[in-house]
Amino acid sequence: MKTVSLFSALLLTFSLNTFAKTSEIETQVAKLGDLAYGYDVFHVGGKTTEEILQNFSMHEYGEVSKLVHKEVQDIAWGDEVDMGTTSADSANAMSEFMISQSEESLENYDEADPEATKIKAQIQKVKKEWPGVIRVLAKARAQFGYTGNGPGYCGVTFATLLVIDTTTGTVYQIYLSQSGEC
């Protein structure tokens with residue numbers, strides 16, 4: 001009887017820890033989505049980061065892509081052809097691409113335009129909050145990746161950040177740019 005109770009208690013503890021981890025990842029991804037240009041959720045299944053990314057590739061592209069680990073300095077922001085894993089440090093640094101996109105959009109507004117003020121405030125918010133969100137995700141054991149299948153304009157697609165939850169087989173695609181007109 002004690003063995004069954006001990007087993008049940010361990011199973012319950014494991015289940016609660018798994019739920020807490022997944023819940024924390026979902027919460028932090030929502031924060032990233034608010035800081036970025038939104039996000040999408042893909043429940044593709046799999047147990048390892050590689051298997052989950054291959055399932056995501058099959059879901060999105062209809063084929064399994066070769067996965068390539070890259071750090072932020074090696075990712076082509078426009079027309080990236082690879083997909084794969086990256087480090088938490090690179091996931092943190094990816095905010096710089098998003099900030100540069102926002103700063104570039106400021107060229108379309110007068111300094112006093114209310115939209116310019118909103119963009120500047122969002123840039124400051126990203127600079128302040130993005131690193132902490134990435135740290136919490138890493139602590140919750142989320143894995144990070146990238147793909148070049150993000151929003152685009154003028155025939156160029158841009159890289160996105162992927163957050164992978166290996167507990168649930170879920171990929172969260174964080175958009176670092178938005179589509180626009182040529």
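Buried residues account for 39% of the 182 residues in the chain. The model is a predicted one. Its accessible surface comes to about 10,100 Å². Carbon and sulfur atoms hold 53% of that surface. Among contacts with a separation of 6 or more, 61% join residues 24 or more positions apart.

The chain contains 5 helices and 7 strands. Along the sequence, these elements follow the pattern α-β-α-β-α-α-α-β-β-β-β-β.

Five strands form an open sheet. Their order is β1-β7-β6-β3-β2, and the pairing is antiparallel. Strands β1 and β2 (83–86) lie at the edges, each pairing on one side only. Neighbouring strands are turned against each other by 25° on average, direction ignored. Between β2 and β3, the antiparallel pairing runs over 4 bridges. Within this pairing, Thr-85 has Gly-145 of β3 as its bridge partner. Helix α2 packs on the sheet and touches β1, β2, β3, β6 and β7. The direction of α2 makes about 150° with that of β2.

The largest nonpolar core has 32 residues. Leu-32, Trp-130, Leu-137, Leu-161, Val-163 and Ile-174 touch the most other members. Two or more residues each come from α1 (2–35), α4 (95–105), α5 (114–139), β3 (143–147), β6 (160–165) and β7 (170–175). Helix α5 gives the largest share, 8 residues. Trp-130 illustrates the contacts made here. Leaving aside residues up to four places away in sequence, Trp-130 touches Leu-32, Leu-35, Ala-36, Ala-91, Asn-92, Ser-95, Met-98, Lys-125, Leu-161, Ile-174 and Leu-176. A second, separate core has 9 residues. Val-44, Phe-56, Ile-164 and Val-171 are among them.

The structure holds 1 aromatic pair. The ring centres of Phe-42 and Phe-56 are 5.1 Å apart, and their planes stand at 70°. Planes over 60 degrees apart count as edge-to-face, so the pair of Phe-42 and Phe-56 is edge-to-face. This pair links distant parts of the chain. Phe-42 belongs to strand β1 (residues 39–43), whereas Phe-56 belongs to helix α2 (residues 49–61). The two residues are 14 residues apart. Phe-42 has a relative accessible area of 12% and is therefore buried, the limit being under 20%. Phe-56 is also buried, at 0%.

Methods:
Residues are numbered from 1 along each chain as its sequence is written. This is a predicted model: local features need pLDDT of at least 70, side-chain atom pairs count only at pLDDT 80 or more; totals for chains, interfaces and linings use all residues. Side-chain values use heavy atoms; hydrogens and water are left out. Buried means under 20% relative accessible area, exposed over 50%, partly exposed in between (1.4 Å probe, protein chains only). Contact means heavy atoms within 4.5 Å. Accessible areas come from the Shrake-Rupley method with a 1.4 Å probe; for residues, only the protein chains shown count as cover. Rings of Phe, Tyr and Trp (its six-membered ring) pair if their centres lie within 6.5 Å; planes under 30 degrees apart count as stacked, over 60 as edge-to-face and the rest as tilted. A nonpolar core is a set of buried Ala, Val, Leu, Ile, Met, Phe, Trp, Tyr and Cys residues joined through side-chain atoms within 4.5 Å. Two strands pair if DSSP finds at least two bridges between them. Axes are lines fitted to C-alpha atoms, for helices over the stretch in contact, and angles run from 0 to 180 degrees between N-to-C directions.
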